[in-house]
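Here is a friendly briefing to read alongside the model. Take a look at the structure first, then work through the notes by topic.

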Amino acid sequence: MNVNKMFPERGPAFWWTGFTALIASGTIFILFVSLVVESVPVFKVQGVSFLWGTDWFAGESYGALPMIFGSLMVTGLAVILVLPFALGSAILTSEFLNGRYRLMVKAAMELLAGVPGIIYGLIGIALLTAAVRDVFGLIDGNTLFTAGLLLAVMILPTVMTLAEDALRAVPGEFRDTALSLGLTRMEMVLKVVVPQALPGLAGAVFLGLGRAMGETIAVMLVIGGIDRIPQPWFDLFAPGQSIPSKIGREAAESLGFDLQWSALIALGLVLFVMVMALTSAGNLLLRRAR
Amino acid sequence: MTRRLFKEQTILFALYGFTICGCLVLAVILATVFIKGSPAISGAFLFEESRNFGLEGGIFYQIVGTLILMAGAALVCLPVALGSVLFQTEFLHSPQIKKLFRLLIYSLNAVPTIIFGLIGYLFFGVFLEAGVSWVTGVLILAVMILPTLHVSIHEAVESIPKHYREAALALGLSPGQQMRAVILPQSLHGIVTGTLLGLARAAGETAAIMFTATAFSGVKLPQSWTEPVTTLQTHILVLAQEATNPLALTNAWGAGLVLLMIVFVLIAVTLWIRSGLQMEAQR
């Protein structure tokens, strides 16, 4: 590689911007490497059984399975709950609303996507847990279901906006052709536009999944905080724990270098890998859509 | 009515139903925060310090803490984001490397915020010996909002017409002079909107700073580099966990409303600037 050929002009501007670019692009590596290095101690003590152990007793054993399970459950539930609303409103906004209303909906969604997680957490703990408890006749409203429901509301604006973008990206000729063949408006949308936009729609859902999985505060306040896989495992109305909520609850008390800290970092590593997989898949699908 | 038309109308009806339900849920959330929060808001609430572990008094230092963290983060982040965008657009010529660079920034955007908290504490708190302090918080948030600023500035720089650059080149400007004379002034709107969005993101973040930068009570303005601050976000977090106490809950809703207003104003200004630009472009 010839540096002179790649960068013919190397003045002060080059070095200055190059330095900042190095920081910007290196951060993600530093994050990943730190996660790996810092989680080595717990893997040394526990081996890979860290990943499928079911007991987490600080100072004795560290098993991540209940947290991994909880994360998958609440994220999956959130996506199932959000799908009809996000896709329905995306289709309506993109295909049936005229320009001005469309812009209004988009602006509202952008505003709502910015609502801080702690606000959702406050609503969850003050109102939603009691509502879930009363509606489903439970003893305690802090359950996996409550967390999934709250997450669904949180990711609705994100998924809806991305899905709408994906639908808009389908070229107008497809619509004109479909209409000229005598399809109704709805047939055109469902049989032409949606299939064409399918990779983009899937990408939107994957990015929403990634966001939901990493959300900490709101989930932490309503999930119940018990490191146990419910019996039976599909019982959504039992308290549980997700990876970020576990880290959020225990990071403050174990700031430092003992095994507990290492175990929390290892949980972070597992979360990082899962979220990156989801987001990469989402970005790949969105790019293919374009 | 034919069956085909009936089907058409039914599905459209369902779409409207889903959309209205979705919007209604979100509207209910906003209304709840306003209705529950507005009784707590008063001059005293905004400008007094909190007493009795947040049960009495106001949230003055919490507001100041949130402002310190978000402004600090944007200030630290802006030069880095600007520099990295300029390097990407002005000096990188290979499309593969450009693509890779974009991929790295997008990945950074996807990292769960709690991980920024964990590793940020190790890096800034332990290695740089800042401890649990506002400096650690500022640096963590700066890293967290980097992708937001980067993407927004990058979009603006990319949309500068090609003949502007050609004119600069024809005048014999060096890359540094080009940046100062052409690229920065022409991408100013992207820099402003990116920074505003970054500020909004930093203001709304709790997970990354709750165990790295903040303390709950007895904290006023930081007097040194290594002191924690108290913020609206963590104030709400602690009060929310005492949800059985109506006094705590009232103050939590009040603080929530203030936080929501800060975030909304920032995003609304961004949207306003953007829509103004779009109108200009259409003319």
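A:Ala251 counts as buried because it has 22 C-beta neighbours inside 10 Å; the cut-offs are 20 or more other C-beta atoms within 10 Å for buried, 12 or fewer for exposed, and partly exposed in between, with C-beta atoms placed from the backbone. This is a predicted model: local features need pLDDT of at least 70, side-chain atom pairs count only at pLDDT 80 or more, and totals for chains, interfaces and linings use all residues. Residues are numbered from 1 along each chain as its sequence is written, while chains are lettered from A and ligands numbered from 1 in the order in which they are written.

**Around A:Ala251**
- A:Ala251 sits in the loop between α11 (243-250) and α12 (259-289) of chain A; helices are DSSP runs of H or I with at least four residues, numbered from the N terminus.
- Apart from neighbours within four places in sequence, A:Ala251 contacts A:Leu264, B:Gly117, B:Leu118 and B:Phe211, where contact puts C-beta atoms, placed from the backbone, within 7 Å.

**Between the chains**
- Chain A brings 66 residues to the contact and chain B brings 69 residues.
- On the side of chain A that touches chain B, helix α2 (residues 12-46) of chain A gives the most, with 17 residues.

**Two helices in chain B**
- Helix α4 (residues 95-110) and helix α6 (residues 134-158) of chain B have axes that come within 8 Å and cross at roughly 135°; axes are lines fitted to C-alpha atoms over the stretch in contact, and angles run from 0 to 180 degrees between N-to-C directions.
- In this pair, B:Ile105, B:Leu108 and B:Asn109 of α4(B) meet B:Leu146, B:Pro147, B:His150 and B:Val151 of α6(B).

How values were computed
Two residues are in contact if their C-beta atoms, placed from the backbone, lie within 7 Å.
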